[in-house]
Amino acid sequence: MFSDFDRFAMTRALELAARGLESTDPNPRVGCVIARRDRVIGEGWHRKAGEAHAEAAALSAVKEDPEGTTAYVTLEPCSHFGRTPPCSDALIAARVARVVYAIADPDPRVSGKGAEALQSAGIRVESGLMEAEAVELNLGYLQRMQYGRPWVRLKLAMSLDGRTALANGNSQWITSEASRLDVQHWRARSSAILTGASTVVADDPRLDVRLPPLEGEESRHQPMRVVLDSQLRTPPGARLFTTGGEVVILTSGTPEMTRVAALEERGAQIEAMPLDEGRVDLSATLARLAELQVNEVLVEAGPTLAGQLLRRQLIDELLLYIAPKLLGPQARALVDMPRLDYLEYAPEFALEGVKKLGDDMCVRLRPRG
């Protein structure tokens with residue numbers, strides 16, 4: 001049975017973990033609080049891959065002997081050597097008496113081994129406190145570890161009547177500056193941004209993060225940009241190549257080598273993928289991105305790719321930005337979906353949240369089931 005102080009301490013650990021939303025990738029976001037009875041004596045969070053994990057950071061902040069204390073951690077302490085030593089070893093060496101963690105780590109290198117190591121050292125271990133909140137922080141990491149694919153978030157912007165652009169293609173800007181700033185934060189927390197070649201050719205987007213640097217950083221880390229391009233139409237002069245960060249182009253098994261050479265000269269990584277109905281296979285794409293340690297994918301694409309992902313049930317979350325404008329029936333539709341003759345076949349979504357952004361609204365949805 002968890003006490004009120006247990007919940008208070010884990011709430012604080014979750015707040016600390018959230019500080020790493022835009023910086024820990026590909027590692028999970030983890031926070032830790034060290035407490036003696038009902039008094040916090042140290043806290044820390046994982047800031048960046050390769051730097052101290054949350055438990056080590058919290059222990060280093062403790063100014064008294066940590067023996068007999070309780071450590072509250074949002075994720076099961078790791079038990080393997082990576083770029084940093086095992087956190088379970090650090091807690092054992094500190095002689096803490098109790099460890100409370102929110103969720104188990106599905107990484108096969110950990111997956112119960114951390115808890116087992118602590119218990120073997122005589123430490124009382126409890127789990128499951130504020131589990132749902134901890135899962136939300138690491139949806140992509142957990143899904144990649146458990147199912148071999150990242151969390152896929154589709155961003156769409158539309159008018160009140162569900163249109164994305166005028167009939168002539170003009171769409172800049174449907175939504176407000178406040179909405180565009182909000183998208184920047186979703187980009188910043190994403191491992192990769194996924195788009196299609198048609199969007200690159202038509203709009204020449206940068207798809208980069210343009211926020212100020214995080215504390216202690218000189219510049220923002222740029223997410224990987226992934227282009228699905230079965231015919232290798234991406235221009236070597238595309239603005240994708242001007243903003244830093246990796247650009248990965250997924251194409252067919254027999255790309256034209258002069259085009260490959262021109263794009264590789266610009267720094268692109270070209271990979272051949274299986275095709276599905278003449279297009280780059282989407283399930284294979286997500287599996288490959290998981291291999292590249294991509295946790296969260298933000299899809300910023302046109303109605304064709306958006307519709308394909310929805311039809312194949314590969315979307316985990318939908319960010320729908322709604323501007324208070326009417327564009328009329330001749331304007332372009334939100335997604336390319338097949339005709340439906342029965343309402344029961346329509347994709348359904350559960351409302352996760354609504355946020356007002358200037359005059360716009362952002363609705364966050366997840367597919368039912």
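This is a predicted model: local features need pLDDT of at least 70, side-chain atom pairs count only at pLDDT 80 or more; totals for chains, interfaces and linings use all residues.
Local features need pLDDT of at least 70, side-chain atom pairs count only at pLDDT 80 or more, and totals for chains, interfaces and linings use all residues. Residues are numbered from 1 along each chain as its sequence is written, and side-chain values use heavy atoms, with hydrogens and water left out.

User: Is arginine 29 buried or exposed?
Analyst: Arginine 29 is in the loop between α1 (4–18) and β1 (31–36). Helices (H or I, at least four residues) and strands (E, at least two) are DSSP runs, numbered from the N terminus. Buried means under 20% relative accessible area, exposed over 50%, partly exposed in between (1.4 Å probe, protein chains only). Arginine 29 has a relative accessible area of 6%, so the residue is buried.

User: Which side chain joins that of arginine 29 in a polar contact of 2.7 Å?
Analyst: A polar contact is a pair of N or O atoms within 3.5 Å; within protein, one must be able to donate a hydrogen and the other to accept it, and residues adjacent in sequence count only if both atoms are side-chain atoms. The arginine 29 side chain also reaches the backbone oxygen of leucine 137 at 2.9 Å. The side-chain partner at 2.7 Å is glutamate 296.

User: Which are the edge strands of the open sheet of nine strands?
Analyst: Two strands pair if DSSP finds at least two bridges between them. The order is β11-β10-β9-β8-β14-β6-β15-β18-β17, with mixed pairing. Each edge strand pairs on one side only: β11 (268–272) and β17 (349–357).

User: How many bridges join strand β8 to strand β9?
Analyst: β8 spans residues 192–196 and β9 residues 224–228. Threonine 195 stands opposite valine 227 in β9. The two strands run parallel, and the number of bridges is five.

User: What kind of pair do tyrosine 342 and tyrosine 345 form?
Analyst: Tyrosine 342 is partly exposed at 49% relative accessibility. Tyrosine 345 is exposed at 56%. The ring centres lie 5.7 Å apart with planes at 80°, so the pair is edge-to-face.

Notes: Rings of Phe, Tyr and Trp (its six-membered ring) pair if their centres lie within 6.5 Å; planes under 30 degrees apart count as stacked, over 60 as edge-to-face and the rest as tilted.
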